[in-house]
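I opened this entry to keep track of what I looked up, one topic at a time. The structure goes in first.

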Amino acid sequence: MLHIPDDLAPDTVTVLGLPTDENSSFLRGPAMAPVRIREVLHNGSANLCSENGLDLGREPRFRDLGDLDVGAGAAARSRIEEAVADLLERGARVLALGGDHAVTYPIMRGYAAQYDTLNLLHLDAHPDLYDTFDGSRFSHGCPFARIMEEGLVRRLVQVGIRAMNPHQRAQAERFGVEVVEMKAWHPDLRFEFDGPVYLSLDMDALDPAFAPGVSHHEPGGFSTRDVLGIIHHLDAPLVGADLVEFNPVRDPVGITAMAAVKLLKEIAAKMLEG
Ligand code: MN
Ligand code: MN
């Protein structure tokens with residue numbers, strides 16, 4: 001069970017670690033990400049200010065609730081969904097730290113209980129729309145197929161995709177997913193949403209030059225500044241987010257951890273804007 005503090009102000013951004021990588025297909029490691037991100041966030045190498053001047057170290061509406069005891073299998077999905085639903089019922093906004101991308105499906109089930117017109121903005125090299133992957137419907141290659149089958153969001157907009165295959169292209173068409181492939185992306189592109197947005201950010205959306213610490217290197221991606229621009233220019237309430245697929249095992253210099261920390265701060269500041 002997640003301990004939720006009694007004194008949460010409305011719209012507090014609650015950081016929740018989800019240390020699980022049992023649904024990763026190629027390498028393990030993302031389960032270690034939440035601990036590593038916190039270590040770098042607090043190691044004194046950078047301050048806790050976002051670029052718009054908000055000091056998260058002094059912001060009472062920014063709270064780290066630690067890691068959820070996720071467990072495994074179907075129980076893990078239930079625990080994640082329940083923890084998210086409990087936080088939303090208390091008026092919080094969730095900023096989840098994966099973990100692999102499989103966590104986004106139970107997170108969105110928790111959100112769907114509170115938001116019936118949610119828009120999902122998904123930044124990733126991969127569409128993660130497989131019906132099944134390696135025999136599993138809950139692989140980190142499948143979460144957006146489950147989300148769309150269950151109608152958990154009103155719109156799914158995927159940006160940065162550069163690993164489409166025919167099956168996933170057919171899935172995208174079947175579900176009406178709006179896909180902005182990386183080859184079509186431009187820094188001046190703006191995304192318009194009518195209503196609240198949830199951001200699911202796979203660290204492999206970034207080019208491996210900027211974030212080598214991921215399990216699936218897919219060259220030709222975003223710079224860190226590109227992703228910061230997408231966050232900063234978002235013109236809709238950001239009511240939740242996840243930062244997933246950071247794999248500390250592949251990050252010997254620590255640059256991906258620092259990129260994750262930077263993105264965490266800017267996402268949190270955006271969520272606190274209202
Ligand atoms: Mn992904
Ligand atoms: Mn990916």
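**Ground rules.** I worked from a predicted model, in which local features need pLDDT of at least 70, side-chain atom pairs count only at pLDDT 80 or more, and totals for chains, interfaces and linings use all residues. Residues are numbered from 1 along each chain as its sequence is written, chains are lettered from A and ligands numbered from 1 in the order in which they are written, and side-chain values use heavy atoms, with hydrogens and water left out.

**Sheet.** I looked up the strand order and found an open sheet of eight strands, β2-β1-β3-β8-β7-β4-β5-β6, with parallel pairing. Strands here are DSSP runs of E with at least two residues, helices are runs of H or I with at least four, and both are numbered from the N terminus. Two strands pair if DSSP finds at least two bridges between them. The edges are β2 (62-67) and β6 (178-181), each of which pairs on one side only. From one strand to the next the twist averages 15°. I noted that angles run from 0 to 180 degrees between N-to-C directions, and that axes are lines fitted to C-alpha atoms, for helices over the stretch in contact.

I then went through some of the pairs. β3 (residues 93-98) and β8 (residues 238-244) pair in the parallel sense over four bridges, and Leu95 stands opposite Ala241 in β8. β7 and β8 are parallel too, over six bridges, with Tyr198 opposite Gly240 in β8. β4 and β7 pair in parallel over five bridges; the bridge partner of His122 in β7 is Ser200.

**Strand β7.** How many residues of β7 are buried? I found six of its six buried, where buried means under 20% relative accessible area, exposed over 50% and partly exposed in between (1.4 Å probe, protein chains only). Val197, Leu199 and Leu201 lie on one side, and Tyr198, Ser200 and Asp202 on the other.

**Metal site.** Which residues hold the manganese ion (ligand 2)? I listed Asp124 (OD), His126 (ND1), Asp202 (OD), Asp204 (OD) and Asp204 (OD), at 2.1 to 2.5 Å. Donors are N, O and S atoms within 2.8 Å of the metal (3.2 Å for Na, K and Ca); water is not among the atoms, so sites may look incomplete. Along the chain the donors follow the spacing D-x1-H-x75-D-x1-D. Asp124 bridges this ion and the manganese ion (ligand 1), and the two ions lie 3.3 Å apart. His126 is in the loop between β4 (119-123) and α4 (143-149), while Asp202 is in β7 (residues 197-202), 76 residues apart. I checked burial: His126 is buried at 15% relative accessible area, and Asp202 is buried at 2%.

**Helices.** α2 (residues 73-89) and α3 (residues 104-112) pack at about 35°, with axes 8 Å apart. In contact (heavy atoms within 4.5 Å), I found residues including Ile80, Val84 and Leu88 of α2 and Tyr105, Ile107 and Tyr111 of α3. Elsewhere, α1 (residues 33-41) lies across β1 (13-18), β2 and β3, at about 140° to β2.
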